[in-house]
Amino acid sequence: GSTGNAPIRETVTVAADEPIPNLPGKRLVSLIVDYPPGGTSVAHSHPRSAFIYAYVLSGAIRSQVNDEPARVFQAGEAWFEPPGAHHPVSANVSDTEPARLLAVFIVDVAEEQLVTPDPQ
């Protein structure tokens, strides 16, 4: 293969985005994140209003949240991200198999940007 290619990025699909009836001002947003083989997310942070549940649907994903050590999560494993979390590492462990992640946000209704890339 050639060198100097741009990193392989994930594809994000919005599966649900719905106000929470009994929690005024909050909504639930469900994202499906598809990582191609070798795919990685750019380091990013999430809104201060966002509480996140992440569940690995298939494959294996390496994740680091805030200052915790990076961990590999297999299909069927999950983690939480606290409000305002910084996510320096989120990547497909495999260079040959895709990986898929379900990310569920509880977030302010008015919050438009769920992912803010780190300044380069």
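**The aromatic cluster**

Tutor: Start with Phe80: its relative accessible area is 53%, so Phe80 counts as exposed (over 50%; buried is under 20%, partly exposed in between; 1.4 Å probe, protein chains only). This is a predicted model, where local features need pLDDT of at least 70 and side-chain atom pairs pLDDT 80 or more, while totals for chains, interfaces and linings use all residues. Numbering runs from 1 along each chain as its sequence is written, and side-chain values use heavy atoms, without hydrogens or water.

Now the partners of Phe80. The ring centres of Tyr53 and Phe80 lie 5.2 Å apart with planes at 45°, so this pair is tilted (centres within 6.5 Å make a pair of Phe, Tyr or six-membered Trp rings; planes under 30 degrees are stacked, over 60 edge-to-face, the rest tilted). Tyr53 sits in strand 4 and Phe80 in strand 7, 27 residues apart, so the pair links distant parts of the chain (strands are DSSP E runs of at least two residues, numbered from the N terminus). Tyr53 is partly exposed, at 29% relative accessibility.

The whole structure holds four aromatic pairs. One of them joins Phe51 and Phe80: centres 5.4 Å apart, planes at 5°, and so stacked. This pair also bridges distant parts of the chain, with Phe51 in strand 4 and Phe80 in strand 7, 29 residues apart. Phe51 is partly exposed, at 39% relative accessibility.

Ring pairs connect Phe51, Tyr53, Tyr55 and Phe80 into a cluster.

Note on methods. Helix = DSSP H or I, 4+ residues; strand = E, 2+ residues; numbered from the N terminus.
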